[in-house]
Amino acid sequence: MPKDITGLLHAWAGGDAGALEELLPLVYTDLRRRAGAYMRRERRNHTLEPTALVHEAYLKLVDQRRATWQNRGQFFGVASQMMRRILVDRARARRMAKRSGRWARVTLDDGARADSPINVDVLDLDAALTRLAAFDSRKCQLAELRFFGGLSLEEAAEALGISTATADRDWQTARAWLLKELRQTS
């Protein structure tokens, strides 16, 4: 019988170090799959491998001493935020180090119904998400979960505590808004 991830998260939050040791093998494969899905949209010569992204995100997650873990969806939502921050920080550092005009590119095609996917600089995507958060934080969180966390619509809805139908409407709106914003910057 598979272990209950939510139960282990609660035990970990309650101070049970053994729960953290049991949790890692249960979430590692899923985190690795999500990171791999995101990294496939990155530029081809990216120096960060999905395994390294997961390890770096996991180290940050383990350091979350005051987190009140509610469920599996919330955990993967926080992991998505960590992966976004790691990728954005690396892109900023690379841009500052090289100053050569080379950009980290991602493809904004996850479920998009556009005629052709557009390649987007990860820093432009981060800036667009920040602008989206200024007037609709839930749509921003949903987009972050989908793009950076690789969550399905159902998983993202669970993480946000909303219905799948609401998540679908929000996703369509967020995706259209982001595509418009990103086309203006490219």
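Ring pairs join Trp12, Trp69, Phe75 and Phe76 into a cluster, where rings of Phe, Tyr and Trp (its six-membered ring) are taken to pair if their centres lie within 6.5 Å. By this rule, five aromatic pairs are counted in the predicted model. A pair of aromatic rings is described by the distance of the centres and the angle of the planes. Planes under 30 degrees apart count as stacked, those over 60 as edge-to-face and the rest as tilted. The rings of phenylalanine 135 and tryptophan 177 have centres 5.3 Å apart and planes at 70°, so this pair is edge-to-face. Phenylalanine 135 lies in helix α5 and tryptophan 177 in helix α8, 42 residues apart, and the pair thus links distant parts of the chain.

The model is a prediction in which local features need pLDDT of at least 70 and side-chain atom pairs count only at pLDDT 80 or more, whereas totals for chains, interfaces and linings use all residues. Residues are numbered from 1 along each chain as its sequence is written, and side-chain values use heavy atoms, with hydrogens and water left out.

The protein chain contains eight helices and two strands, these being DSSP runs numbered from the N terminus (helices: H or I, at least four residues; strands: E, at least two). Along the sequence, the elements follow the order α-α-α-α-β-β-α-α-α-α. Of the 186 residues in the protein chain, 45% are buried; buried denotes under 20% relative accessible area, exposed over 50%, and partly exposed the range in between (1.4 Å probe, protein chains only). On this scale, phenylalanine 135 counts as exposed at 54% relative accessibility, while tryptophan 177 is partly exposed at 22%. Among contacts (heavy atoms within 4.5 Å) between residues at least 6 apart in sequence, 64% join residues at least 24 apart.

The largest nonpolar core has 52 residues, of which Leu31 and Phe75 touch the most other members. Such a core is a set of buried Ala, Val, Leu, Ile, Met, Phe, Trp, Tyr and Cys residues joined through side-chain atoms within 4.5 Å. Elements giving two or more residues to this core include α2 (17-39), α3 (50-62) and α4 (72-98), and α4 gives the most, with ten residues. Apart from its neighbours within four places in sequence, leucine 31 is in contact with Val54, Tyr58, Phe75, Phe76, Ala79 and Met83.

In helix α1 (residues 5-13), the buried residues include Ile5, Leu8, Leu9 and Trp12. These four residues lie on the same side of α1 because they cover an arc of only 105° around the axis, the arc being that of the directions from the helix axis to the C-beta atoms. After α1 comes glycine 15, with a positive phi near 105°.

In helix α7, the buried residues are Leu153, Glu155, Ala156 and Ala157. Glutamate 155 has a relative accessibility of 17% and therefore counts as buried. Leaving aside neighbours within four places in sequence, glutamate 155 is in contact with Arg33, Arg34, Arg72 and Gly150. The C-alpha atoms of glutamate 155 and phenylalanine 76 are separated by 8.8 Å, although the two residues are 79 residues apart along the chain. Helix α7 is followed by glycine 161, whose phi is positive, near 70°.
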